[in-house]
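Hi there,

Here is the structure I promised to pass on.

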Amino acid sequence: MAYTEGEIFSRESSVSDTILSKDHGHWAELTLNRPDKLNSFNDEMHIALRQAFESAIEAGKRAILLTGAGRGFCAGQDLGDRDPAKMDGPPDLSRTLTTFYNPLVRMIRDAEMPVICAVNGVAAGAGANIAMACDIVLAADTAKFIQSFVKVGLVPDAGGTWHLTRLLGPARAKALAMTGEPIMAGQAAEWGMIWKALPADALMAQARALTARLADGPTLGLAHTKKAIHAAETNTLEDQLALEAEYQKICGASGDYAEGVSAFLQKRAPVFEGR
């Protein structure tokens with residue numbers, strides 16, 4: 001079933017088991033849940049994930065953990081409804097991007113909270129690129145990342161060409177995109193594509209512990225740190241110095257800064273409130 005972009009935002013709620021949402025107090029755990037399809041995206045899962053993200057933000061969650069059910073993280077777009085033999089003409093793939101993937105990538109990057117991704121298995125196509133859009137990516141050492149677009153005659157999307165080039169440089173970005181060769185989590189960590197590769201049986205415990213720690217941290221400062229690092233991708237040094245001064249003024253006037261300094265001087269653990 002296809003939905004227009006307007007319908008995505010106008011639908012108040014949807015009953016869907018394609019996304020599992022777990023409330024951990026200050027943070028939320030969202031799980032892509034189409035394990036029989038390696039959690040590949042269809043319209044229903046797109047809508048459910050968008051709503052889950054929006055709900056977490058509106059509820060004031062201070063961090064989000066994104067992962068996948070079963071043996072994979074996400075195999076990208078479900079091609080089941082893209083069979084040329086069942087279509088009257090070629091699909092408009094730009095509509096899929098502008099309606100679903102692009103808003104999701106923007107939501108992850110613009111969220112004023114840490115978004116952590118735990119890649120529990122294969123991350124292919126748009127699945128790999130959604131993972132790279134997250135702020136901190138942990139992966140099982142058995143996981144692999146595949147720019148599988150070349151296998152169906154497409155270019156990397158969902159921010160893939162942008163993130164790959166900035167994280168790995170043009171030489172590696174072009175090689176991965178043009179060959180579609182998989183890169184294992186350990187190599188991805190060595191190259192700076194993700195933060196850490198962990199033993200598979202330790203991934204979720206460490207991902208949850210990290211998310212909980214960030215959610216209990218000075219999340220106003222973390223949000224501005226995220227924005228500053230994003231701005232550094234295009235700013236000059238002078239622009240970035242000015243931005244740091246602006247953000248430091250905001251954070252320096254916060255309750256979290258006062259609490260952090262007081263806790264340091266009193267030799268106790270700080271209790272941050274994210275404001």
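**Salt bridges and cover**

Glu29 counts as buried because its relative accessibility is 5%; buried here means under 20% relative accessible area, exposed over 50%, and partly exposed in between (1.4 Å probe, protein chains only). Before I go on, please note that this is a predicted model, in which local features need pLDDT of at least 70, side-chain atom pairs count only at pLDDT 80 or more, and totals for chains, interfaces and linings use all residues. Residues are numbered from 1 along each chain as its sequence is written, and side-chain values use heavy atoms, with hydrogens and water left out.

Which residue does Glu29 pair with in a salt bridge? The partner is Arg208, with the closest N and O atoms 2.9 Å apart; a salt bridge is a side-chain nitrogen of Lys or Arg within 4 Å of a carboxyl oxygen of Asp or Glu. Glu29 sits in strand β2 (residues 27-32) and Arg208 in helix α8 (residues 203-215), so this pair ties together parts that are 179 residues apart in sequence. Helices (H or I, at least four residues) and strands (E, at least two) are DSSP runs, numbered from the N terminus. Arg208 is partly exposed, at 33% relative accessible area.

- Glu233 and Arg109 form one of them, with their closest N and O atoms 3.2 Å apart. Glu233 is in the loop between α9 (219-232) and α10 (237-252), while Arg109 belongs to helix α3 (residues 93-110), so the pair ties together parts 124 residues apart in sequence. Arg109 is buried, with a relative accessible area of 18%, whereas Glu233 is partly exposed at 35%.
- Arg275 and Glu273 meet through their side chains at 2.7 Å, N to O. Arg275 is exposed at 59% relative accessible area, and Glu273 is partly exposed at 47%.

Next, helix α4 (residues 126-133): eight of its eight residues are buried, so you will find it mostly covered. Among them are Asn129, Ile130 and Met132.

Finally, the surface. Tyr257, Val261, Phe264 and Leu265 form a nonpolar patch there, with about 470 Å² of accessible area together. Patches are made of residues with over 30% relative accessible area and no salt bridge, joining like charges within 9 Å and nonpolar side chains (Val, Leu, Ile, Met, Phe, Trp, Tyr) within 5 Å. The areas come from the Shrake-Rupley method with a 1.4 Å probe; for residues, only the protein chains shown count as cover. Val261 lies in helix α11 (residues 255-265) and is partly exposed, at 32% relative accessibility.

Best wishes
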